[in-house]
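Have the structure open while you try them.

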Amino acid sequence: MSKKVFVKTYGCQMNVYDSNRMVNVLKPHGYEVAESPEEADLVILNTCHIREKAAEKVYSEIGRLKKLKINKAKNGQDMYIAVAGCVAQAEGAEMMQRAPAVDLVLGPQTYHRLPAMLNSAAEQRAGGRTSSRVLDTEFPIDTKFDHLPKESDFDSPAQFLTIQEGCDKFCAFCVVPYTRGAEYSRSVEAVVEEATHMAAKGVVEITLLGQNVNAYHGDGGDGETRNLGELIGAVADIEGIERIRYTTSHPRDMDDELISAHKDIDACMPYLHLPVQSGSDTILAAMNRKHTREEYFTIIDKLRAARPDLALSSDFIVGFPGETDADFEDTMDLVRRVKYSQAYSFKYSPRPGTPAAAAETQVPEDVKSERLARLQTLLEQHQAEFNEASIGLEMDILLEREGKMKGQLIGRSPYLQAVVVDFSDSDNALDGEADPSYTDFMGKLVRVKIVASGQRSLTGELMKTLH
Ligand code: SAH
Ligand code: SF4
Ligand code: F3S
């Protein structure tokens, strides 16, 4: 009899990628995807530990699932709760104590062992217990990538592909080096094989993923390693791959070869997420980011020289320990100079075990809130200006999903803006073609003219298809 699994994903895109892989590991063992926890035999929470709020969400979700598990047990139904991801890695043993309803805890490097863990959980339950206790948060030598099966079909023409995992940088605020472990790069061959498989299944756009993606140094198969610029070249050669993105990059690893890729490789999109965190040299040093604001500006200048239409995004932390008003003004100044097309900003959240959490110079909560509000107002203003400047431009949009209204499809511009294309408007009908069913355009690159902009999305009118 088939069983059902429901996965709830928190955190970054690497978790999204991993969640899909966990489902693939389970499919040969008789599992199908459930639409809700209610109909699932196994619920996996793929968790994030990056900020306190993210980690807290997990415990409240476990509380809800516990009730569901009890109700199901009353009806003679078995349900297993598994916690995966970065909270599992960071506080797995503690979680086992604190949340007895959790059956399984597994860290990000052990997903290929999930079927075996489920077997031992079932054996424990066979002894009459209502919960089992299985914990696996090791960093095994054999990497999960060697064992994880490939996706058989894809729900979108734009997919993520993890090429690098872990981080050796140890920024003073960050848990990632502890939850994901040391840097590891997959081989060029493994990445190209997976990308080729994706292309054969209709994938057009690939985002190469890593916590520190531009630190990539994968085995080239000839005893030499390849850097990210070279890897992008190899992926761009795959038939059917028209767009390549990568995330997240660290300014220190933005080498000249990678910068040139934005000029020389057509498929390399003119958009880059290059987090800076702060515009103050004092804070950058305290954060252990290992670069100055001037060095960041130099990288941006080089990138814009290589690709003048490049759009940039970033992450910011406000209220890092010791941040003064003047430090914060430096961040505002940096934002005004760079002008990001979009950005993410957060209040500093002390994380257990990281050096900055122990600092005595913590910034009061109200100061953090006030700074965040000011920064976000400025970032939103720049985003709106960037979107407004898109009006009148022609862009290639990869249509990825249906819109809210019938006849609408939503895709992404080269600059990662969401663009709504309305096919029900007769002006959008293609010359010489009989009333095409608009869903045929799903997964296709189309040329549109941008006619309107909002804070979150643009509206485009169809010009002609590219394929
Ligand atoms: N590897 C990426 C960042 C990954 S974490 C990089 O080096 O830029 C994603 C973002 O979460 C970070 O860029 C940072 O802005 C934010 N973040 C990480 N730890 C945080 C903390 N303790 N408090 C608040 N924000 C944090
Ligand atoms: Fe965290 Fe810094 Fe590594 Fe990014 S580079 S994952 S912020 S330690
Ligand atoms: Fe969160 Fe782990 Fe990603 S802490 S941001 S899920 S690497």
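Predicted model: local features only at pLDDT ≥ 70, side-chain atom pairs only at ≥ 80, totals over all residues.

**Exercise 1.** What radius of gyration would a compact globule with 467 residues have, and what does the protein have?

Residues are numbered from 1 along each chain as its sequence is written, and side-chain values use heavy atoms, leaving out hydrogens and water.

*Solution.* Start with the globule rule: 2.2 Å times the number of residues to the power 0.38, with the radius taken over C-alpha atoms. For 467 residues, the rule gives a radius near 23 Å. The protein has 23 Å, so the two agree.

**Exercise 2.** Find what percentage of the 467 residues is buried.

*Solution.* First, buried means under 20% relative accessible area, with a 1.4 Å probe and protein chains only. By that cut-off, 53% of the residues are buried.

**Exercise 3.** Which residues touch the most other members of the largest nonpolar core?

*Solution.* A nonpolar core joins buried Ala, Val, Leu, Ile, Met, Phe, Trp, Tyr and Cys residues through side-chain atoms within 4.5 Å. The largest one has 51 residues, and L208, L228, Y246 and Y340 touch the most other members. Helix α10 (residues 293–306; helices are DSSP runs of H or I, at least four residues) gives the largest share of this core, 6 residues. Apart from it lies another core of 25 residues, including Y10 and A54.

Conventions:
Chains lettered and ligands numbered in written order. Buried < 20%, exposed > 50% of the residue type's maximum accessible area, 1.4 Å probe, protein only. Helix = DSSP H or I, 4+ residues; strand = E, 2+ residues; numbered from the N terminus.
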